[in-house]
Every structure is written in structure tokens, then in C-alpha cells.
Amino acid sequence: MSTETVDNMIEIKNILVSSEKNDEVNTILKMVDKFLLKHCRHEIVDDLIDIDPDRSKSIRYCEKCLVTFT
């Protein structure tokens, strides 16, 4: 897949994330994430997010496309 196509899909994801959500938008967002999971050349980041003042959680995500990995 071309870099331009992947970059366009990342931009589409950014637009969808900031738009009003409904079932159709959520479905499209899942499809975009599935595409990016397969085609992005991921730059994986390991990070911690705070859940509350006493707890945090480890997460992994791609710095480019923001797809999270479990």
C-alpha cells in the first residue's frame, strides 16, 4: 500500500475521531483502524496512562496512526 494512501487514511481517522459519533461513524472508524493496523508502518510507543491518582495502566499504540494494541 502506498504511503500516500496510508497518510490519507490517518487523516480520515483524525476527522472521524473529532466528528459527532453514531453507529455508522463508529463502524467506519473501526474499518479505518482495521486498514491502518494492516498497512501502516507502525512506530510503536509504550506508555502509561493515569486511571486515578494511585493507579496507571500500560498501553501500546502507534505514534503515526494512533491505533492501540492490546
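View 1. At 7% relative accessibility, Cys40 counts as buried, a word used here for under 20% relative accessible area, with a 1.4 Å probe and protein chains only. This is a predicted model, in which local features need pLDDT of at least 70 and side-chain atom pairs count only at pLDDT 80 or more, while totals for chains, interfaces and linings use all residues. Residues are numbered from 1 along each chain as its sequence is written, and side-chain values use heavy atoms, leaving out hydrogens and water. If you are looking for disulfides (pairs of cysteine sulfur atoms within 2.5 Å), the structure holds zero. Cys40 is in none, and its nearest cysteine sulfur, that of Cys65, lies 3.9 Å away.

**View 2. Cys62 beside Cys65.** The closest cysteine sulfur to that of Cys62 belongs to Cys65, and because the two are 3.6 Å apart, they are too far for a bond. Cys62 has 0% relative accessibility, so Cys62 counts as buried.

**View 3. Leu66 in its loop.** Here you can find Leu66 in the loop between β2 (55-62) and β3 (68-69); strands are DSSP runs of E, at least two residues, numbered from the N terminus. Phi of Leu66 is near 65 degrees, a positive value in a residue other than glycine. Most residues other than glycine have a negative phi.

View 4. Lys38 is part of helix α2 (residues 23-39), a helix being a DSSP run of H or I, at least four residues. With 67% relative accessibility, Lys38 counts as exposed, the term for over 50%. Ser2 is 36 residues from Lys38 along the chain, and their C-alpha atoms are separated by 12 Å.
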